[in-house]
Amino acid sequence: MELIPLFKKILSYKTLTPDEDGFYDFLKSYLSDFIIIENEKNSVKNIFLYKKYSEGPHLCFAGHIDVVPAGDNWKTDPFIPHEEDGYIYARGAQDMKSGLTCFIKAIKDTKTFNGTLSLLITSDEEGPGIDGTQYMLKVLKEKNLLPDMGVVAEPTCSKILGDTVKIGRRGSINGIINIIGKQTHAAYPEKGINPINIIAPLLSSIAGVKLDDGDDSFDPSLLVITDIRGGMEVTNVTPANVKIMFNVRNSTKTSKEKLKTFIESKLKDINYTLELTQGSFPFVTQKDSKLVKVVQNSIKEVTNIEPTLSTTGGTSDARYFAPHNIPTVEFGVINDTIHAINERTSIKEVNQVYEIFKDVISKI
């Protein structure tokens with residue numbers, strides 16, 4: 001099957017998290033000469049296919065088949081691919097069935113390789129993510145099948161194909177500060193303890209503060225306040241407490257423990273509680289690693305663009321490779337319509353990403 005018809009076929013599967021909608025059966029028949037490991041946990045289906053061509057490095061292409069709900073007001077059916085003016089419209093066209101299609105086809109067309117090639121695909125990246133790539137990597141470790149390097153085909157480019165490669169991601173720490181006061185009538189403020197009065201002079205010492213200076217790979221970690229609430233939305237009662245919610249996209253220089261110490265130093269003289277949860281941890285693949293250099297060179301050869309090496313943005317399944325010390329990069333199409341109505345990607349981009357992945361395979 002040619003690349004674009006393959007892309008349209010994969011787009012046609014209605015793979016709303018965590019449903020793979022029969023795609024795995026197609027994939028197993030399409031790559032019938034690969035060894036297959038399937039695993040299902042809590043209704044999340046995962047599949048790993050691999051083929052050892054010779055002794056050498058194990059390169060794994062990873063991604064997710066699941067997509068977010070389509071929403072309303074699409075100009076065409078979001079699960080029937082629509083081609084118009086050089087673009088293909090469908091849910092998942094950018095995030096991330098384009099990248100998925102490209103590495104599946106590139107691997108299909110590979111005749112020889114200096115090592116082992118594999119694909120790791122999950123159906124829950126857009127969901128909790130607990131029973132997908134993270135879980136499968138543990139399974140592969142038990143089977144002594146962990147890859148030596150990974151490429152996650154998420155849409156990474158900003159304005160033109162080839163402008164960005166993700167070589168890492170920031171971590172994400174969520175926090176809730178609860179300032180404790182004593183509720184009273186607004187006419188008798190001396191009878192209560194107004195938590196707003198307590199926190200107001202201190203807000204500037206935490207809001208938007210840089211927790212570190214960043215480095216060559218990461219911007220500084222910022223404490224970003226996302227919500228402040230307290231009281232009963234009336235004018236004659238002071239609040240019993242005020243909650244401050246915040247997020248820190250942290251570099252490798254800031255940890256949850258360091259953040260806790262920082263908050264304690266700023267709020268040491270007041271009555272409060274603090275909740276901190278870390279959803280993901282920062283990681284970076286070294287710029288001078290073989291994987292990064294090969295991907296850079298392949299992008300430049302196909303697009304004539306020198307990509308920026310970035311760690312910006314949110315999280316992806318690439319973060320699960322880092323605890324296993326697997327160098328990992330992310331590269332895929334432009335991401336300007338991900339999760340949007342009328343999501344689409346260009347046929348030219350899909351063809352180029354396929355050529356880039358083929359080139360990467362040939363040079364590892």
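This is a predicted model: local features need pLDDT of at least 70, side-chain atom pairs count only at pLDDT 80 or more; totals for chains, interfaces and linings use all residues.
Reader: What does the side chain of Lys166 reach, then?

Author: The backbone oxygen of Thr312, at 2.7 Å. The cut-off for a polar contact is 3.5 Å, so this pair falls within it.

Reader: Where does Lys166 lie, and which residues does Lys166 touch?

Author: Lys166 is part of strand S8, residues 164–166. Setting aside residues up to four places away in sequence, Lys166 touches Thr156, Ser310, Thr312, Gly313, Thr328, Val329 and Glu330.

Reader: Which residues touch the most other members of the largest nonpolar core?

Author: Phe23, Leu59, Phe103, Ile104, Ile121 and Phe357, out of 59 residues in that core. Helix H8 (residues 347–363) gives the most to this core, with eight residues. As for Phe357, its contacts beyond four places in sequence include Phe61, Phe103, Val151 and Phe331. Another core, of 18 residues, lies apart from the largest one; among its members are Ile177, Leu223, Phe246 and Phe262.

Reader: What makes 167–271 a stretch with a name?

Author: That comes from UniProt, where an unreviewed entry places the feature "domain: Peptidase M20 dimerisation" at those residues. Over residues 167–271 the chain is 15% helix and 29% strand, and the end C-alpha atoms are 42 Å apart.

Methods:
Residues are numbered from 1 along each chain as its sequence is written. Side-chain values use heavy atoms; hydrogens and water are left out. UniProt positions are given in the numbering used here, feature names are shortened, and annotations may be inferred rather than shown by experiment. Helices (H or I, at least four residues) and strands (E, at least two) are DSSP runs, numbered from the N terminus. A polar contact is a pair of N or O atoms within 3.5 Å; within protein, one must be able to donate a hydrogen and the other to accept it, and residues adjacent in sequence count only if both atoms are side-chain atoms. Contact means heavy atoms within 4.5 Å. A nonpolar core is a set of buried Ala, Val, Leu, Ile, Met, Phe, Trp, Tyr and Cys residues joined through side-chain atoms within 4.5 Å. Buried means under 20% relative accessible area, exposed over 50%, partly exposed in between (1.4 Å probe, protein chains only).
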